[in-house]
Amino acid sequence: MTQASLLSIEKRMNKIIITYTEAGLAIAKTIAASIDAEIFYKDKNIDKVLEKEWSSIETIIFISATGIAVRKIAHLIKDKYTDPAVLVIDDKAKHVISLLSGHIGGANELAIDIAKAIGAEPVITTASDNRGIEALDIYLRDNDFAYNSREALTIIMGAIVNNKKIYLDADEFKFKYDNFTNDKSEADYTIIQDEGYMINDEENTLYIIKKKYNMGIGLRRGTDFAVLEKAFQEILKVMDINPKAIKRFGSIDIKKDEEALLELCKKYDRELIFYTADELNKVDVSEKSDFVKKITGAYSVSEAAAKLLGGKIILTKKIIDSITFSITEEI
């Protein structure tokens, strides 16, 4: 093993390294020092740890035979969208294998980084990588696109790997692929960009949805989640915005523990940013409310928060069931 530094490897939480030999332990210590990983060496309880923590662990690195790794995790595997990244390294540090969740989980990237750092050979088996094709799922993630379904994404990724003609109707989609066409009659597969509220699933069609709308929300203490979600959906329907097109939510910091707001962000898997009253009061808003100021310390919550999140205001303020919504669009 070389003395190359591991400092370039991104530090992540919730990583574990499992090993069974002294040589493996030495490698594990080198890697763990730079990626903040916990080492399990000849741990008799590792099966229980994996079963209990599988859904929360981000990365598992086995320094062992591949067969050991497979037997340890086989019954826990669910899907590539939720499973942790799993890597296998032999205890001579010759190969770093991306075994599971290569794209979405980041195993491919981490395998390459670790291999460079310890002087090993990365082993990547995903079809797109081995053909030198950009991974569509990674492109969508990195460029703030959502999509209509995992099944549709899998179909289109397969079409790309097999170099099929794909009809493309997407202005903001800059994915590099040589077999796109603007003639629908030439293709059996389709990619369409659409941020509209209703998207109809069609065979062999991937709808991509740009996350470009930010939403500010102001609400009363103790608002029920069902009431909030119903109002949220009503606003989106009126504005013809798909829920997946929401990029971020924002509100005032005194709502940090508001259960309905937190649950909304969790359900739709979007970032929630809180601002202080002083930050909100610095924003130029269409209407200042002394009533809101008296309760929250800010003259405006939803509109000011939406503007701080970024973009052009497209909904200044709309109140439904005492919940105030404002929306901006990032151009």
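Modeller: Let us begin with the overall layout: this is a predicted model, and its chain is divided into domain 1 (15-125), domain 2 (136-210) and domain 3 (213-329).

Colleague: How many Å separate the centres of domain 1 and domain 3?

Modeller: Taken over C-alpha atoms, the centres of domain 1 and domain 3 are separated by 41 Å.

Colleague: OK, on to the inside. Which residues of the largest nonpolar core touch the most other members?

Modeller: That core has 31 residues, and those touching the most other members are Met215, Ile217, Phe232, Phe249 and Phe325. At least two residues of this core are supplied by each of several elements, among them strand 12 (213-218), helix 8 (225-239) and strand 16 (323-329).

Colleague: And which element gives the largest share of this core?

Modeller: Helix 8 does, with six residues. As for the domains, the core draws at least three residues from domain 2 (136-210) and at least three from domain 3 (213-329).

Colleague: What is phenylalanine 232 in contact with, leaving aside its neighbours within four places in sequence?

Modeller: With those neighbours left aside, phenylalanine 232 is in contact with Met215, Pro243, Ile246, Phe249, Leu264, Tyr268 and Phe325.

Colleague: Changing topic to aromatic rings: how many aromatic pairs are there?

Modeller: The count comes to nine aromatic pairs.

Colleague: Why does tyrosine 177 count as buried?

Modeller: Tyrosine 177 counts as buried because its relative accessibility is 12%, and the cut-off for buried is under 20%.

Colleague: Which residues do ring pairs link into a cluster?

Modeller: The cluster linked by ring pairs consists of Tyr139, Phe145, Phe173, Phe175, Tyr177 and Phe180.

Colleague: Last one: what sits over the ring of tyrosine 299?

Modeller: The charged end of lysine 288 sits over that ring, 5.3 Å from its centre, and lysine 293 also lies over the face of tyrosine 299, at 5.4 Å from the ring centre.

Terms used: Residues are numbered from 1 along each chain as its sequence is written. This is a predicted model: local features need pLDDT of at least 70, side-chain atom pairs count only at pLDDT 80 or more; totals for chains, interfaces and linings use all residues. Side-chain values use heavy atoms; hydrogens and water are left out. Rings of Phe, Tyr and Trp (its six-membered ring) pair if their centres lie within 6.5 Å; planes under 30 degrees apart count as stacked, over 60 as edge-to-face and the rest as tilted. Buried means under 20% relative accessible area, exposed over 50%, partly exposed in between (1.4 Å probe, protein chains only). A charge sits over a ring if NZ of Lys or CZ of Arg is within 6 Å of the ring centre and within 35 degrees of the ring normal. A nonpolar core is a set of buried Ala, Val, Leu, Ile, Met, Phe, Trp, Tyr and Cys residues joined through side-chain atoms within 4.5 Å. Helices (H or I, at least four residues) and strands (E, at least two) are DSSP runs, numbered from the N terminus. Domain bounds come from an automatic or database domain assignment. Contact means heavy atoms within 4.5 Å.
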